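Here are a few exercises to work through with the model open beside you. Take each task first, then follow the solution step by step.

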Amino acid sequence: MTLLEIKQLVKNYSGEVTVEVLKGIDLKIQKGEFVAIMGPSGSGKTTLLNCVATLDQPTSGKILLEGENPHEYNKNKLADFRRQKLGFVFQNYNLLAPLTVVENIVLPLTLDREKPSVMLKEAERLMTELGIAHLRNKRIYQLSGGEAQRISICRALIHNPSLILADEPTGNLDSKAANAVMELLSAMNQERQVTTLMVTHDAFSASFCNRVIFIKDGRFYNEIYLGEDRDAFYQKILTVLSHLGGRSRELLQADY
Ligand SMILES: Nc1ncnc2c1ncn2[C@@H]1O[C@H](COP(=O)(O)OP(=O)(O)OP(=O)(O)O)[C@@H](O)[C@H]1O
Ligand SMILES: [Mg+2]
């Protein structure tokens with residue numbers, strides 16, 4: 001079943017000069033897929049994710065999630081849509097530092113005016129499933145980056161969204177913490193069939209996905225699927241990146 005359909009998505013930013021960022025992207029993502037978007041810096045990855053996230057408005061084209069076009073909604077309906085259907089994971093975690101782990105995790109539920117006892121029970125269940133229950137009473141500033149990212153994944157999952165959107169979720173992490181975060185996202189995808197769309201510069205992180213879509217200069221460039229073998233998939237991702245070009249830093253980063 002198609003969960004997300006992007007049709008001829010064009011995004012321009014207008015200022016003194018108009019910048020054409022996305023130049024007609026077509027994409028279909030099936031329910032339960034785990035997809036990475038890769039491409040050189042400035043190719044439009046974050047812009048694409050922000051349009052899907054409804055944080056940015058397409059210039060033209062359509063984005064349908066479960067057949068709904070949220071970009072046609074008014075402000076209130078859009079806020080409900082975003083809260084109910086989407087879960088967000090950011091490079092810098094976006095957790096509220098003065099609050100505890102469990103308070104951050106239940107935050108999305110408080111907006112639905114859920115009873116505190118129900119919220120806490122749900123948070124406890126999910127924290128246990130994700131292996132982070134021992135962190136429940138820590139404050140965010142007491143966590144490592146890898147721990148903080150696993151908390152933010154828990155927060156993104158708490159209301160069972162249809163789609164998780166992650167922009168560079170391992171961008172601030174060393175390879176060990178990145179591995180733990182990718183294993184968690186991959187387990188959630190496999191065990192709970194959470195559809196996940198992730199932007200990454202990192203070939204190793206991308207190799208946890210089932211499909212990698214490459215974009216270049218705001219256009220679809222190529223895509224590859226995970227076959228039988230994750231190591232071979234990783235090598236293929238590196239090969240496409242080397243053809244794609246971009247900053248040398250990206251290729252170095254990918255190679256760990
Ligand atoms: N609000 C904005 N106004 C004007 N131009 C913008 C805006 N946001 C992004 N751009 C431009 O759009 C292009 C694509 O930006 P985007 O952030 O989507 O790239 P990216 O692929 O995510 O890059 P990176 O890998 O560096 O994160 C860039 O040239 C950028 O300067
Ligand atoms: Mg970006």
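**Exercise 1.** With which residue does R211 form a salt bridge, and how far apart are the closest N and O atoms?

*Solution.* A note before the steps: this is a predicted model, where local features need pLDDT of at least 70, side-chain atom pairs count only at pLDDT 80 or more, and totals for chains, interfaces and linings use all residues. Residues are numbered from 1 along each chain as its sequence is written, chains are lettered from A and ligands numbered from 1 in the order in which they are written, and side-chain values use heavy atoms, with hydrogens and water left out.

Step 1: apply the criterion, a side-chain nitrogen of Lys or Arg within 4 Å of a carboxyl oxygen of Asp or Glu. The partner of R211 is E223, with 2.7 Å between the closest N and O atoms.

Step 2: R211 belongs to strand β8 and E223 to strand β9, so the pair ties together parts that are 12 residues apart in sequence. (Helices are DSSP runs of H or I with at least four residues, strands runs of E with at least two, numbered from the N terminus.)

Step 3: check the cover. R211 is buried at 4% relative accessibility, while E223 is partly exposed at 29%. Here buried means under 20% relative accessible area, exposed over 50%, and partly exposed in between (1.4 Å probe, protein chains only).

**Exercise 2.** Which residues are linked with R125 in a network of salt bridges?

*Solution.* Step 1: the network links R125 with E122, E129 and R192.

Step 1: take one pair. The side chains of E129 and R125 meet at 3.5 Å, N to O. Both residues lie in helix α4 (residues 116-130), four residues apart, about one turn of the helix.

**Exercise 3.** What is the strand order of the open sheet of six strands, and which strands stand at its edges?

*Solution.* Step 1: the order is β5-β6-β7-β3-β8-β9, with mixed pairing. Two strands pair if DSSP finds at least two bridges between them.

Step 1: β5 and β9 (219-225) are the edge strands; each has a single partner strand, so one side of each is left without a neighbour in the sheet.

Step 2: neighbouring strands are turned by 20° against each other on average, direction ignored. Angles run from 0 to 180 degrees between N-to-C directions, with axes fitted as lines to C-alpha atoms, for helices over the stretch in contact.

Step 3: β5 and β6 (residues 163-167) run parallel and are joined by five bridges; L86 stands opposite L163 in β6.

Step 4: Helix α8 (residues 230-244) touches β3 (34-38), β8 (211-216) and β9, at about 160° to β9.

**Exercise 4.** Is K85 buried or exposed, and which side chain does K85 meet in a salt bridge?

*Solution.* Step 1: at 18% relative accessibility, K85 counts as buried.

Step 1: its partner is E66, at 2.8 Å, N to O.

Step 2: E66 is partly exposed, at 33% relative accessibility.

Key: Contact means heavy atoms within 4.5 Å.
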